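Have the viewer ready and follow along.

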Amino acid sequence: FYDFLPTSGGLTMLVADVSGHGVPAAMIASMLKVAFEAQAENARDPAKILAGLNAVLARPLDGRFVTAACAFINVENGCVDYAGAGHPPALIVRAGGEVVELAENGLMLGPFPGTAYASMRVPFTHGDRLLLYTDGIIEATLKDGEEFGLARLKEFARTNRTSVADRLIAAVSGPIREDDLTVVVAEACSA
């Protein structure tokens, strides 16, 4: 699942992964979409968004859970505010090639009512790229039987500057798909 909340002065992005598959997971994803849209007043604060989503999802998941990565790209101050809930770290690829993990991570959404989340802030300037993705990307099994992994993802993100999402999905898509594959990429442009 992924969604966006445009705000004055920026854009909030959410990538989430519901445990399990099929109709129950799809219903939870639908609830998540509605709950995310209801967080418009908190759109500039990823930690508050995750706490709000957790409050909504705390009861109806019947043993399931949701991991999530939420980022607010603030075009006014050239920063990204980021918070995670049991999710793999987001990546910022600097224009010069350095890859930075955004690993501010709290508990997954659902099983732990009342959980507080924290945000981190990092610069996001011209030419930088932000990658949010689900664990299906790094856990994908390649033709050689190896997992794609975080190290390969970092190298891939560092060396691929165009069509990153399409190329990444193609790189990890094999004959057997074990999990959903979701990636969202945003690039900082000059005003």
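Contact here means heavy atoms within 4.5 Å. With that in hand, take Ala186: leaving aside neighbours within four places in sequence, Ala186 is in contact with Met13, Ile73, Phe124, Asp128, Arg129 and Leu130. Keep in mind throughout that this is a predicted model.

**The chain as a whole**

The protein chain has five helices and ten strands. For 191 residues, a compact globule would have a radius of gyration near 16 Å, and the protein chain agrees because its own value is 16 Å. Along the principal axes, the C-alpha atoms fill a box of roughly 45 × 45 × 20 Å.

How much of the protein chain is buried? Of the 191 residues, 48% are. The accessible surface is about 9,100 Å², and carbon and sulfur atoms hold 55% of that surface. As for contacts between residues at least 6 apart in sequence, 66% of them join residues at least 24 apart. On the charge side, the protein chain carries 15 positive and 23 negative charges, and their mean positions are 4 Å apart.

**The cysteines**

A disulfide is a covalent bond between the sulfur atoms of two cysteines. How many disulfides does the count give here? The count comes to zero.

**Residues in strands**

Ala186 sits in strand S10, which covers residues 183-187. Ala186 counts as buried because its relative accessible area is 12%, and the cut-off for buried is under 20%. Ala186 is 117 residues from Ala69 in sequence, and their C-alpha atoms are 14 Å apart in space.

Leu5 belongs to strand S1, residues 2-7. Is Leu5 buried or exposed? At 10% relative accessibility, Leu5 is buried.

Asn74 is part of strand S3, residues 66-74. Asn74 counts as buried, at 7% relative accessibility.

**Residues in loops**

Now for the loops. Asn42 is in the loop between helix H1 (22-37) and helix H2 (46-57). Asn42 is buried at 17% relative accessibility, and its contacts outside four places in sequence are Lys48 and Ile49.

Glu104 is found in the loop that runs between strand S6 (99-102) and strand S7 (105-106). Its relative accessibility of 28% makes Glu104 partly exposed. Leaving aside neighbours within four places in sequence, Glu104 has contacts with Tyr82, Ala83, Gly84, Ala118, Ser119 and Met120. Thr67 is 37 residues from Glu104 in sequence, with 13 Å between their C-alpha atoms.

Where is Ser163? Look in the loop between helix H4 (149-159) and helix H5 (164-172). Ser163 is not a glycine, yet has a positive phi of about 45 degrees. Ser163 is partly exposed, at a relative accessible area of 46%.

**Side by side**

The residues above, with their accessibility:

| Residue | Relative accessible area | Class |
|---|---|---|
| Asn74 | 7% | buried |
| Leu5 | 10% | buried |
| Ala186 | 12% | buried |
| Asn42 | 17% | buried |
| Glu104 | 28% | partly exposed |
| Ser163 | 46% | partly exposed |

How values were computed: Residues numbered from 1 in each chain as written. Predicted model: local features only at pLDDT ≥ 70, side-chain atom pairs only at ≥ 80, totals over all residues. Heavy atoms only, no water. Helix = DSSP H or I, 4+ residues; strand = E, 2+ residues; numbered from the N terminus. Rg over C-alpha atoms; globule rule 2.2 N^0.38 Å. Buried < 20%, exposed > 50% of the residue type's maximum accessible area, 1.4 Å probe, protein only. Areas by Shrake-Rupley, 256 points an atom, 1.4 Å probe, with all protein chains shown as cover. Lys, Arg positive; Asp, Glu negative; His and termini not counted. Charge placed at Lys NZ, Arg CZ, Asp CG, Glu CD. Disulfide = S-S within 2.5 Å.
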